[in-house]
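Hi,

Here is the structure I promised to pass on to you. Have a look around first, and then read my notes below.

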Amino acid sequence: MGQANIIFIRAFILIWALLIIPDYFFNHAYYGKVLSSFGYYEHLIFTIAGFTGYAFWRMDKKGNLFKNFSLRISGWTVLLGIMVSSGVLYALFHNKLGLDGSAGLAALRVIVVGLLYSLAFLFLIVSSFAVGHFLMKKIGQHYHLVSRQILSIALGFSILGMIVMLLGMVGFLNPYLLWLLFIIPIGWQYKAVLEFLQSIFIRPVHYKKLNIWKILPLKVLSIFLATGFLSTLKTFPIGFDGSGVYMNTSSLIASYGSLPEGGQPFNWSIIMSLGEIMFGQKPISILISHFTVLLALVVIYRLARLAMTPSRSWVAMSIFFAIPAIVFQTVREEKTDFGLLFMVLAAFLLIMEPRFKKDKNPISAKESYWIWGIAGWIMGFAFGIKVLALYGIVALVSVWAYRQWGKFGAFGALFLSTALLFQGGLDQFAYMDLSATDVLKTKLGLGFAGLGSLGYGWLVHGKELPKKHLTRLAIFIAMLALPILPWMGKHVSEHGKVSLGHALKGKSPTPSVKGNLKLYADYSDLSPLQDKRNNIIRMETDSLPDRQYQQAPIIKKKKKERITDSEREEIKRYIGYEKGHVLYHTIPYDATMGSNIPDRPYIDISFLFLLFIPLLLFRLDKLGIIPNMIYLLFFATSLVGIGWVAHYIPNGDYSTIETALQTRVQPWTDIGKDGFASIWAVIIENILLIFQPVDWPLYEMMSSMGFYITPLIMVLLTMCLWWMNKDKFSTMEPAMKEMAVLMYATLFLWMISANNIPWYGFPTLALACIFIAFTLQKSNWISGVENDKFVRYFFSGCIGLFFISSIFLRQSNPELTQENTTSFIDPIFIQQAALGKSDEQVLDALSPVYNNAFEYLNNDLNHKIYRVGTYLNYHIEQNDARVYEDNQLKLFDFYEKRLPDTNRFIELLKQNGFKYIIYDFRTPLIDNTPEKTLQKKCDAFVGLLLYSNELDLIVTDRIIQSENPNDFIIENGNRYNGMKYGLLGGVEKRKGTFAIYQIK
């Protein structure tokens, strides 16, 4: 490689970093808030000192700190270290926030309670291991000990989960029976169980030749485990999806002693419900939701070990565990995505390790059938956690084709499978606003590309298809169907009729709202809404646009839309609202920068992937400097330039650049970084203006493309990238080649159908972390031997920056919407574990109105509830049968447009048996649509709530100044004179979050 080309490649890598990293931090201003008010330096110093002291204490006598430093670590010492670190951290937290009681005693209680909860989860894991171990004996010799153990756990959870599901279907989820179900396997396989526990806690692991990349990941993992341990100790779920769906389903299963009716399969919610059914503790169910990530981390480590050293495998684990979106789900949102991730990655490991394990015994045809059958069963169980397991299923089918026909076989299987998914309605499942013509073009394009790739692979690699190879696929598919069949039977039994539609979708008990519009033509018996527009307020802001709230015209019902306003408002906000191919072309930029939902850690995947993945994909050392310059210039302007245009320049108006940029950098200027922020704004503005002749025409051209162009462009890019990197891929470790197939397949499906929702792509992120860590081990893989050291230092520095920023972010407020960034644990919800408070006391500390609200809502279980948003659903008894969820006001909008008077909507609810209406003031805040459709619906609905004569406000947490100076409010022991709970009539003292109305 010429010297000029070496310099050019290094310059490009540095310039690329200077484009991505500052833009990332300015688009995630909460890093500035955290750095300016970080409060846990003591904990960092303590843990570093403790880790260093322990390392010197346990260092081998012959060890040399600089040449041969080694360390022996066992599970109990790791557990003890995490507990001590957690105790110190909680004590600091307790003192900084001024919580009641002794910090030391509270910290000790937290550790004891947390350990008991953790032991309950460990009991479930051990029982699952016992079940899976018995079945893994037939193929266990082809797996490393750790792999065999973790795969046994995955297999055991899937089998026990299906048994619990069948018991739930017949309404026999008796805690004594479940205890018997989980204890018997432990007694049956007690020798294997004892060996398993010894290998985890007693038997030490010897880490030789320690260096920074062995110590730093361990340090990162220890901090995140300590903080995660504390954050999982919650009284009840506090995430929106957790309280509304996943933990709510788990709680319903526990309260009914059987499965709720309707709904998609909820296999991991069944596992989570065991915490409440068997142990009588909701926090254990929550801990299962969060701590399943530890099982997934072990699988990531074992996948990485197929091609990497232990230290680099630790790096892969640590990177994944430190991604803000992952952190958020480990501490805040109680979902089932970690259960899905664990199962999908376990199936990947199950298929891959026997092929790449060193000194392996030859695998017989019978053993390979067993492996593919177990993988199919696990994937079928994963499908019952979330339908998104389809991504992993297609990825394994692609690996099957890769093993027979090479890379073109893998591409062909992926493209053809995707075409079949569109035939099965993938566009509707993914809420794609596509016409029937677009869907047809997409199916034909992907179908022909798939058949062409398969045909080429068949010609190149041989025309014969061994019978045993086809048998593996058949067994995989057959076993895949088995765990799904009981759910289909459940759905059919609920309907009482047999049909494909009934088998795929159960009969939901959710209350219906029906009305004959013709009956509402005469509305003289009801008072129309009062015209008080001058007094109407928008709950989350200060004013409401002028709007008439009565006598809405009756309009004809529209034809069935492929995507409704409510779906557009909720789902499409993640991917954005650009037109054509731009919507998908900007996904890498939007996913990194959080362009569409700014400043939210729960969708933050870090800067590493946009920074590193392009460098991993391109082989720069084989091109001359001129082709490199042309190619990389186009690459940068396309990927980043189009992202900037879409983000900063709406409608092609370049005069808006400065305003848009200042909006993004303002939080940094507020903490004293004005100089650098201004420089960065000028840089972006000038780059955009320089490349305006290229970027804007390219943007307009992409905007006019139909959806079917998007997968075809990805197909062409795939072939182009393979051609450019065929020499590099040919030298790649065999295990990394198959992981590349898995990563690309899941990424391809995520890109075109996941609407840029990050947790749908967790398997892709996990595999991408392995590739990033692999580059630390083999850095010349990117750009040749000449740049080996440079690339290694560059990657090391960027990963170090990521770790440091993530550590600071983790020890801060997880939502980062409050001034108190030091509240990395919610001080209210930890009170049960720390201070022994009951659920009612915790709710009272959250707000005194909550217990009062639930007294109303749960007083009569025959009363139905119409709910718009809020986190209250979990606390409403039998909410699956009593609550109508209308978070995006889809039902209200339908009738509001058709009824002669909006007030008639209340009458409609009343006639359908509804007694209460719950409204979340923050509902309009998620509206990122250009048309502000949700905001308009909320305006109309708020007007109805405030001025309808058919409603009485009974509960709200909004505080206003009272006209009676003798009124007062007591919250958390504090008395506030001259105030009351209400919506109108006084100066606002606290915005509040919700209001509950009773229908007269």
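Let's start at Glu 733, which is partly exposed, with a relative accessible area of 25%. For that term, buried is under 20% relative accessible area, exposed is over 50%, and partly exposed is in between (1.4 Å probe, protein chains only).

Before you go further, note that this is a predicted model, so local features need pLDDT of at least 70 and side-chain atom pairs count only at pLDDT 80 or more, while totals for chains, interfaces and linings use all residues. Residues are numbered from 1 along each chain as its sequence is written, and side-chain values use heavy atoms, with hydrogens and water left out.

**Salt bridges**

Which residue does Glu 733 meet in a salt bridge? The partner is Lys 778, at 3.8 Å from N to O. Lys 778 sits in the loop between α34 (762-777) and α35 (780-783) and Glu 733 in the loop between α32 (709-730) and α33 (734-753), so the pair ties together parts that are 45 residues apart in sequence. Lys 778 is partly exposed too, with a relative accessible area of 22%.

Two terms came up there. A salt bridge is a side-chain nitrogen of Lys or Arg within 4 Å of a carboxyl oxygen of Asp or Glu. Helices (H or I, at least four residues) and strands (E, at least two) are DSSP runs, numbered from the N terminus. Side chains of opposite charge can pair when their charged atoms come close.

By the salt-bridge rule, the count is 20. Another one joins Glu 963 and Lys 980, at 3.2 Å from N to O. This pair also links distant parts of the chain: Glu 963 is in the loop between β7 (959-961) and β8 (968-971), Lys 980 is in strand β10 (residues 979-981), and they are 17 residues apart. Glu 963 is exposed at 60% relative accessible area, whereas Lys 980 counts as partly exposed at 23%.

Salt bridges that share partners also join Asp 241, Lys 335, Asp 337 and Lys 386 into one network. Within it, Asp 337 bridges to Lys 335, with their closest N and O atoms 3.9 Å apart. Are these two residues buried or exposed? Both Asp 337 and Lys 335 are buried.

Two strands pair if DSSP finds at least two bridges between them, and β7 and β11 pair over 2 bridges. Here Ile 959 stands opposite Arg 990 in β11.

**Helices**

The chain has 43 helices and 12 strands, and here are two of the helices.

- (The expected span is 1.5 Å times one less than the number of residues.) Its buried residues are Leu 178, Leu 181, Phe 182, Pro 185 and Ile 186. They pack against α5 (103-136), α6 (145-169), α8 (190-202) and α11 (267-279), where contact means heavy atoms within 4.5 Å.
- Helix α16 (residues 365-383) has 15 of its 19 residues buried, so it is largely enclosed by the rest of the structure.

**One last residue**

Where is Asp 886 found? Asp 886 is in the loop between β4 (883-885) and α41 (890-896). Asp 886 is buried, with a relative accessible area of 4%. Leaving aside neighbours within four places in sequence, Asp 886 is in contact with Tyr 866, Arg 867, Val 868, Leu 891 and Phe 892. Take Tyr 866: it is 20 residues away from Asp 886 in sequence and 7.3 Å away in space, C-alpha to C-alpha.

As for the whole chain, buried residues make up 59% of its 1000 residues.

Happy exploring!
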